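Please look through the structure below with its helices in mind.

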Amino acid sequence: AAIAAAGMVNFVGLVVPHLVRNVVGSDYRRLVIGCVFAGPALVAAADVVARLAFSPIQLPVGIVTGLIGGPYFLYLMRRHRDLGDL
């Protein structure tokens, strides 16, 4: 619902903590600091890709972040297949 209301760029707020947790572990002190740096870096990289992918045409940044985050969430769901079982 948050993505539908605020746009695809806010999808970064859902993806980045999961990405950072794979790198630094689940210590919340390291996780917060990692998210502070990884979130803006992901948005800046997505902006550069969105501007340079099709040079005369600029893509919305939300499309690029969705292309990064969507497959990653599918990967997480496949990795934790038993979480949805009752």
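Helices, in the sense used here, are DSSP runs of H or I that hold at least four residues, and strands are runs of E with at least two, both being numbered from the N terminus. The model is a predicted one. With that definition in hand, residues 59–77 come out as 89% helix and 0% strand, with the C-alpha atoms at the two ends 28 Å apart. The stretch of residues 31–53 is 96% helix and likewise 0% strand, and its end C-alpha atoms are separated by 31 Å. Both stretches carry the feature "transmembrane region" in UniProt, where the entry is unreviewed.

Taken as a whole, the protein contains four helices and zero strands, so that the order of elements from the N terminus on reads α-α-α-α. Of its 86 residues, 22% count as buried. Among the contacts that link residues at least 6 apart in sequence, 47% join residues at least 24 apart.

The pairing of helices can be followed from helix H2, which spans residues 12–24 and whose axis comes within 8 Å of that of H3, the two crossing at roughly 125°. Angles of 65 to 115 degrees count as roughly perpendicular and those over 145 as roughly antiparallel, and H2 and H3 are therefore oblique to each other. Their crossing is right-handed. On the H2 side the contact involves Val-12, Val-16, Pro-17, Val-20, Arg-21 and Val-24, while the residues they meet in H3 include Tyr-28, Arg-30, Leu-31, Gly-34 and Cys-35. Sorted by class, this contact of H2 with H3 has eleven nonpolar, two polar and two charged residues.

Is Arg-30 buried or exposed? Since exposed means over 50% relative accessible area, Arg-30, with a value of 55%, is exposed. Its C-alpha atom is 9.0 Å from that of Val-20, a residue ten positions away along the chain.

Helix H3, residues 28–52, also packs against helix H4, residues 61–79, at an angle of about 115° and with the axes 8 Å apart. Here too the crossing, that of H3 past H4, is right-handed. H3 contributes Leu-42, Ala-46, Asp-47, Val-49 and Ala-50 to the contact, and H4 contributes Val-61, Val-64, Thr-65 and Ile-68. By class, the residues in the contact of H3 with H4 comprise seven nonpolar, one polar and one charged.

Notes: Residues numbered from 1 in each chain as written. Predicted model: local features only at pLDDT ≥ 70, side-chain atom pairs only at ≥ 80, totals over all residues. Heavy atoms only, no water. UniProt positions renumbered as here; feature names shortened; annotations may be inferred. Axes fitted to C-alpha atoms, helices over the stretch in contact; angles between N-to-C directions. Left-handed = near helix turned anticlockwise from the far one by under 90°. Contact = heavy atoms within 4.5 Å. Nonpolar A, V, L, I, M, F, W, Y, C, P; charged D, E, K, R; others polar. Parallel < 35°, antiparallel > 145°, perpendicular 65-115°, else oblique. Buried < 20%, exposed > 50% of the residue type's maximum accessible area, 1.4 Å probe, protein only.
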